[in-house]
Amino acid sequence: MSRLFYLGFSMLLVISIVLSGCSSGGDKKVNSNGNSEASNGTNKAQEMTFWTFQGLHIDFFEDANKRWNEANPDRPIKLKLESFPYDDMHNNLLLALQSGVGAPDIVDIEVNRFPNFLQGDIQLEPLNDIIEPEIDSFVKSRFEVYGKDGQYYGAPTHVGASVAFYNKEIFEEAGVSPDDIKTYDDFIEIGKVIKSKTGKPMLPIFTNGFWEFYPMISQKDSDFFNSKGEVTLDNKKNEEVLQYLYDLIYKHDIGVLAPGGHHEDEEFFAFMNDGGAASLIMPSWYASRFVSYMPDLAGKMVIKPMPAWKEGGNRSAGMGGTGTAVTNQAKDVELAKEFLAFAKLSKESNIKIYELLGFDPPRHDVWDSPELREPNEFTAYFGDGLFDMLMGIKDEINPLNITKLTPMTRDLIETNVLHNTLREKTQTPAEALKQAADELRSR
Amino acid sequence: MRQDSNLITKSGNVLKNVVYSPKKSLFYSQRLAPYVFIAPFLVIFFGFYFYPVSYTIIMSFQEILPGQIRFIGFDNYARLFNPTFYKALYNTTLYTFWTIVILIPLPLIMAIILNTKKMKAKTFFRACIFIPSLTSTIVAGVIFRLMFAETETAFANSFLSFFGFDSVNWKQNGATLMFLMVGLASWRWMGVNMIYFLTGLQNIPKEMYEAAEIDGANAFNKFRHITIPFLKPVTVYVLTITLFAGYKMFEEAYVFWEINSPGNIGLTLVGYLYKEAFQYNQLGFGSAIGVTLLVIVAILGFIQLKLTGFSSNGGK
């Protein structure tokens with residue numbers, strides 16, 4: 001019998017290896033510092049899982065969980081916080097919702113992926129009953145990007161106002177001031193002065209990232225789609241913006257193709273950190289990249305509103321974002337929604353968004369509060385008055401039209417449009433935009 | 001199965017009741033044993049290969065959204081005829097071609113050099129060539145990416161400028177990106193293929209070479225008429241795995257550009273599948289790409305085995 005025992009035992013080992021292989025591969029990984037045990041010793045704490053693709057949000061929700069348990073000792077929540085890489089998280093979530101098992105209770109979804117989750121029978125819970133009472137205090141357009149057919153499915157994290165970053169050291173060397181730039185025409189004139197005095201280019205232009213092109217067309221009241229969701233990528237205004245970027249490089253000689261081509265590339269960080277260019281146009285969340293990856297520029301950069309296309313025009317655009325949603329697999333949907341309202345929609349939580357994440361909170365009635373004037377690592381890097389500048393441009397932000405083709409539009413711009421027109425020069429702006437728009441229309 | 005239940009010992013005593021219990025005889029059953037031994041394979045095959053493959057084929061005829069799955073006939077396949085798919089197919093085929101061109105002759109030559117008696121420190125060199133295959137493609141790829149960065153101070157560009165050449169935007173250009181991808185794959189797989197060839201070389205009987213020497217054959221003739229024919233089974237094997245590895249390539253492209261590369265110069269078939277299925281939530285279309293890839297690889301594999309004469313005469 002002992003042989004039978006050994007055979008059975010070894011089979012068991014093999015099976016357990018195979019099975020454990022599956023579970024560690026396909027299942028979730030717990031972020032080492034994200035394993036929060038914030039319950040207050042109450043044993044009835046409702047367990048909830050939260051997924052995010054941005055490690056910083058773990059700290060934010062950990063803090064919210066702690067505050068919730070203090071405020072609601074009768075209904076404690078034990079939040080399990082897990083962070084994954086961007087692609088992994090969205091792909092895992094898609095499959096979990098498709099197959100009906102394994103999804104978290106609460107999840108962060110990035111705005112460019114959000115449309116993927118609004119197709120078929122929507123597997124996210126509508127949040128209208130927690131959003132509608134508060135919506136008047138918010139920048140409303142930030143909810144619309146996470147909504148469909150009058151239902152809201154995501155709670156926003158920030159306004160994502162786009163701004164201009166200027167290297168004041170280079171400006172001083174050339175004897176000019178960032179405050180003299182009001183319009184994009186001024187931008188060219190000042191850029192020429194800087195180029196002739198210091199030899200440095202004014203603006204690095206990304207050919208694999210769309211965070212310059214997108215805000216700039218939004219400033220012009222244009223978009224990739226109109227409000228009905230029809231493709232307008234190849235309209236006249238977008239063509240003009242692309243032509244403007246082209247002219248900066250090849251006509252005015254003050255733009256330069258960004259090394260690496262993408263705003264998260266090591267080459268670009270190194271180039272910018274060495275004072276390679278005098279300015280940068282990006283959404284305000286890019287400030288955290290400066291702080292983390294370009295330490296040599298600390299104290300040298302200032303953040304200003306973007307130049308406008310014409311005097312009095314919009315000086316910003318709302319870009320990027322993360323919508324926090326409740327899935328229909330949540331163990332207690334009502335509790336999850338209440339917690340989400342507490343964590344992202346309340347006044348207190350919006351102050352925390354600035355304190356912990358450095359973002360411009362989407363709730364505008366907190367923008368005057370003194371907590372948002374206190375120094376933090378961003379004011380240490382970029383100087384004081386940061387938040388007042390962001391407040392000054394809050395009314396100059398157009399809403400975006402997000403459709404199910406948004407993920408593909410972004411890819412087409414980042415692979416073909418910018419590359420072919422600006423780097424390879426194989427297509428004119430009109431041709432490249434037309435080709436991309438036609439491909440979108442054929443889907 | 002024993003016919004009688006009694007055993008007769010040498011001395012003639014009959015031992016009663018030496019009966020194999022049904023359980024035990026089942027355990028020692030020779031008819032059952034083979035099935036027990038292949039059971040783990042069958043379980044894995046049906047669970048992890050057959051089921052997913054057949055389900056993928058079904059899914060390739062469906063439009064799949066949460067709660068709304070419907071059959072749409074050949075629509076997913078009709079959508080394959082687009083420039084992006086052609087680009088992915090072109091990139092993948094070119095990549096496979098180059099890996100075959102490099103990863104068969106070079107490891108063969110290295111194996112022969114490392115197999116000669118005159119070579120010193122053989123084990124050291126074998127280890128050196130083999131070690132890259134133990135690293136992960138992603139880790140090695142990140143180092144490659146930094147070495148071939150655009151800046152003039154990066155390793156590759158400072159090397160070029162030392163010889164007076166201009167610096168190159170390695171990742172931005174189709175040809176140089178292909179060079180990087182093939183280079184990364186070659187660097188990693190050289191050692192593995194060399195080990196295959198070394199094993200093959202060590203199986204060639206020494207007498208063959210001695211006989212040839214007596215007949216006055218020179219080194220080239222020995223290589224041409226003994227080494228090459230004896231290595232044919234190994235070569236065909238290496239060719240097959242290189243072909244398959246080339247068509248399912250994903251990581252080598254992913255590490256340089258992830259999915260979106262300028263002008264899609266780094267897009268492979270598997271990358272395209274990944275992009276459509278997971279980034280655009282088109283699981284049905286992704287399945288159609290997967291099935292097409294399977295068909296392409298099956299046809300190429302069949303042609304290749306036919307040409308090398310493996311399907312008809314069992315490998316010789």
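1. Phe187(A) is buried, at a relative accessible area of 0%, and Tyr184(A) is buried too, at 1%. Here buried means under 20% relative accessible area, exposed means over 50%, and partly exposed is in between (1.4 Å probe, protein chains only). Please keep in mind that this is a predicted model: local features need pLDDT of at least 70, side-chain atom pairs count only at pLDDT 80 or more, and totals for chains, interfaces and linings use all residues. Residues are numbered from 1 along each chain as its sequence is written, chains are lettered from A and ligands numbered from 1 in the order in which they are written, and side-chain values use heavy atoms, leaving out hydrogens and water.

2. Over all chains there are 60 aromatic pairs. In the pair Tyr184(A) and Phe187(A), the ring centres are 6.3 Å apart and the planes are at 65°, so the pair is edge-to-face. For such pairs, rings of Phe, Tyr and Trp (its six-membered ring) need centres within 6.5 Å; planes under 30 degrees apart are stacked, over 60 edge-to-face, and the rest tilted. Both residues belong to helix H7 (residues 184–198) of chain A and are three residues apart, about one turn of the helix. An α-helix has 3.6 residues a turn, so residues three or four places apart point the same way. Helices (H or I, at least four residues) and strands (E, at least two) are DSSP runs, numbered from the N terminus.

3. Where an edge-to-face pair in chain B is concerned, look at Phe162(B) and Phe163(B): 5.2 Å lie between the centres and 90° between the planes. Phe162(B) is exposed, with a relative accessible area of 69%, and Phe163(B) is exposed at 51%.

4. Two charges over rings deserve a mention. Lys220(A) places its charged end over the ring of Trp309(A), 4.7 Å from the centre, and Arg79(B) lies over the face of Phe285(B), 4.2 Å from the ring centre. The test is NZ of Lys or CZ of Arg within 6 Å of the ring centre and within 35 degrees of the ring normal.

5. Strand E11 (residues 322–326) of chain A has five of its five residues buried, so it is largely enclosed by the rest of the structure. On one side the buried residues are Thr322(A), Thr324(A) and Val326(A), and on the other Gly323(A) and Ala325(A). Strand E3 (residues 106–110) of chain A runs antiparallel to E11(A), joined by five bridges; strands pair if DSSP finds at least two bridges between them. Val326(A) is the bridge partner of Ile106(A).

6. Chain B has domain 1 (7–71) and domain 2 (76–313), with bounds from an automatic or database domain assignment. Their centres, taken over C-alpha atoms, are 37 Å apart. Nine residues of domain 1 of chain B contact nine residues of domain 2 of chain B, contact being heavy atoms within 4.5 Å.

7. How much area do these two domains of chain B bury between them? About 680 Å², with 65% of it on carbon and sulfur atoms. Buried area is the accessible area (1.4 Å probe) that two parts lose on being put together, summed over both.

8. Helix H13 (residues 269–279) of chain B is mostly covered, with nine of its 11 residues buried. Its cover includes helix H3 (86–99) and helix H16 (406–423) of chain A. After H13(B) comes Asn281(B), with a positive phi near 60°.
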